[in-house]
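Please consult the sequence and structure as you read.

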Amino acid sequence: MNVIDLFCGCGGLSYGYQEAGCNIILGIDNNETALKTFERNHLGSKGLNIDLLREDFVDEIKKNIGEQQVDIVIGGPPCQGFSLTGSRNPDDIRNKLYKAVFITAKYFKPKAIMIENVPGIQRLYGGKFYRLIIDEFNKLEDYNFDSKILYAPDYGVPQIRKRIFIVGIKKDLGEVSFPKPKLKEDQYISTKDAIGDLPSLENEPDQEDFNYEIKPFSEYQKLMREGSKMIHNHLVTKHTQAVKDIISLVPDGGNFKDLPKGVGDNRKFNEAWRRYDSTKPSRTIDTGHRNHFHYKYNRVPTVRENARLQSFPDKFIFLGSKTEQYRQVGNAVPPLLSKSVAEEILKIINKK
């Protein structure tokens, strides 16, 4: 199945589809560095920087894919206006970008359409934007559609993260269904089982590429290493001794509440001085790297560690500055979660 990803970023969503067996023919984004990462990791795919608010953007897509058939259109429109941590501005121009998915669908008439976003769109502003998206699906008379919030740890992702998926399927192909959870709570992948095999970086080396020093000790680590001969994007952040001393006082799974009185008072909110719990999935990965710390070492996680927690395999290499890499990882959809949704969509299509 040929897939177009309209808000591809570095390609977490589309990489899941690629791993499910799809052919990603085009990724669209307005971030050039993210597009370079996308092209680097999606074989034969093209990255296109185009404004999806332009009236003629579909013509530009057609020009870039030629006569190739489009089977599936996917996209995670920017969620800054929807996110619980965003600006929540109902007039944010980015909140109108979701329309590009439906304009593209009306033109190419794909077998399936999928929109992914934060669950918050269902309730913010009284559910205004969620209803607008549903209204657009209702206008597509040839499609059945449904939505569901999926919890990433249920699908093998070692990270506490919820996303909503709204899926449309051509009516002649069948009803929409979503993947059933693959793991129970007592089977969730822990942070230690996700990143515990990666070099500690305790001597703060000035490099970001490493050989594997130890054998994988979890099935997840084996999965992440498949197809990779080295560890990339594993560059340490060097903290001041004062910051290290504060981090060292936070126990495994703790946060600022575990610090002695008067220590670390410059940060007092739920995620401040948060050390990952080695026995549980990690906290939600964001686009920065200042508040979460390694479950064992006195430093923030590296890009590679965050990528592992997002379920990006080690062979997926991120380009750009370290700050850009962190942003690419944090903005992405966990590939293993996306893969599960893609496999369910393909099952419906192929059954017919």
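Q: Which residue in S5 does Ile-74 stand opposite?
A: The structure is a predicted model, in which local features need pLDDT of at least 70, side-chain atom pairs count only at pLDDT 80 or more, and totals for chains, interfaces and linings use all residues. Residues are numbered from 1 along each chain as its sequence is written, and side-chain values use heavy atoms, with hydrogens and water left out. S4 and S5 run parallel and are joined by four bridges; two strands count as paired if DSSP finds at least two bridges between them. In S5, the residue opposite Ile-74 is Met-114.

Q: Which residue in S4 is the bridge partner of Asp-5?
A: Strand S1 (residues 2-5) runs parallel to S4, and three bridges join them. Strands (E, at least two residues) and helices (H or I, at least four) are DSSP runs numbered from the N terminus. The partner of Asp-5 in S4 is Ile-74.

Q: Which residues of strand S4 are buried on the side other than that of Ile-72 and Ile-74?
A: Buried means under 20% relative accessible area, exposed over 50%, and partly exposed in between (1.4 Å probe, protein chains only). Strand S4 (residues 72-75) is covered on both faces, with Ile-72 and Ile-74 buried on one side.

Q: How many bridges pair strand S6 with S7?
A: Strand S7 (residues 162-170) is mostly covered, as seven of its nine residues are buried. S7 pairs in the antiparallel sense with strand S5 (residues 112-117) over six bridges, where Ile-113 has Gly-168 as its partner. Strand S6 (residues 143-151) also pairs with S7 in the antiparallel sense, and Ser-147 stands opposite Ile-166. The number of bridges between S6 and S7 is nine.

Q: Which helices and strands do the buried residues of H2 pack against?
A: Helix H2 (residues 32-41) has Thr-33, Ala-34, Leu-35, Thr-37, Phe-38 and Asn-41 as its buried residues. At the start of H2, a side-chain oxygen of Asn-31 comes to within 3.0 Å of the backbone nitrogen of Thr-33. The buried residues of H2 pack against helix H1 (12-19), strand S2 (23-28), strand S3 (46-48) and helix H10 (322-331).

Q: Is Asn-306 buried or exposed?
A: Asn-306 belongs to helix H9 (residues 303-310). Leaving aside residues up to four places away in sequence, Asn-306 touches Tyr-276, Ile-285, Pro-301, Tyr-326 and Val-329, a contact being heavy atoms within 4.5 Å. With a relative accessible area of 4%, Asn-306 is buried.

Q: What is the angle between the planes of Tyr-15 and Phe-316?
A: Rings of Phe, Tyr and Trp (its six-membered ring) pair if their centres lie within 6.5 Å; planes under 30 degrees apart count as stacked, over 60 as edge-to-face and the rest as tilted. This rule gives nine aromatic pairs. Tyr-15 and Phe-316 form an edge-to-face pair at 5.1 Å centre to centre, and the angle between their planes is 85°.

Q: How far is Lys-162 from the ring centre of Tyr-151?
A: A charge sits over a ring if NZ of Lys or CZ of Arg is within 6 Å of the ring centre and within 35 degrees of the ring normal. Lys-162 lies over the face of Tyr-151, and its distance from the ring centre is 5.9 Å.

Note on methods
A polar contact is a pair of N or O atoms within 3.5 Å; within protein, one must be able to donate a hydrogen and the other to accept it, and residues adjacent in sequence count only if both atoms are side-chain atoms.
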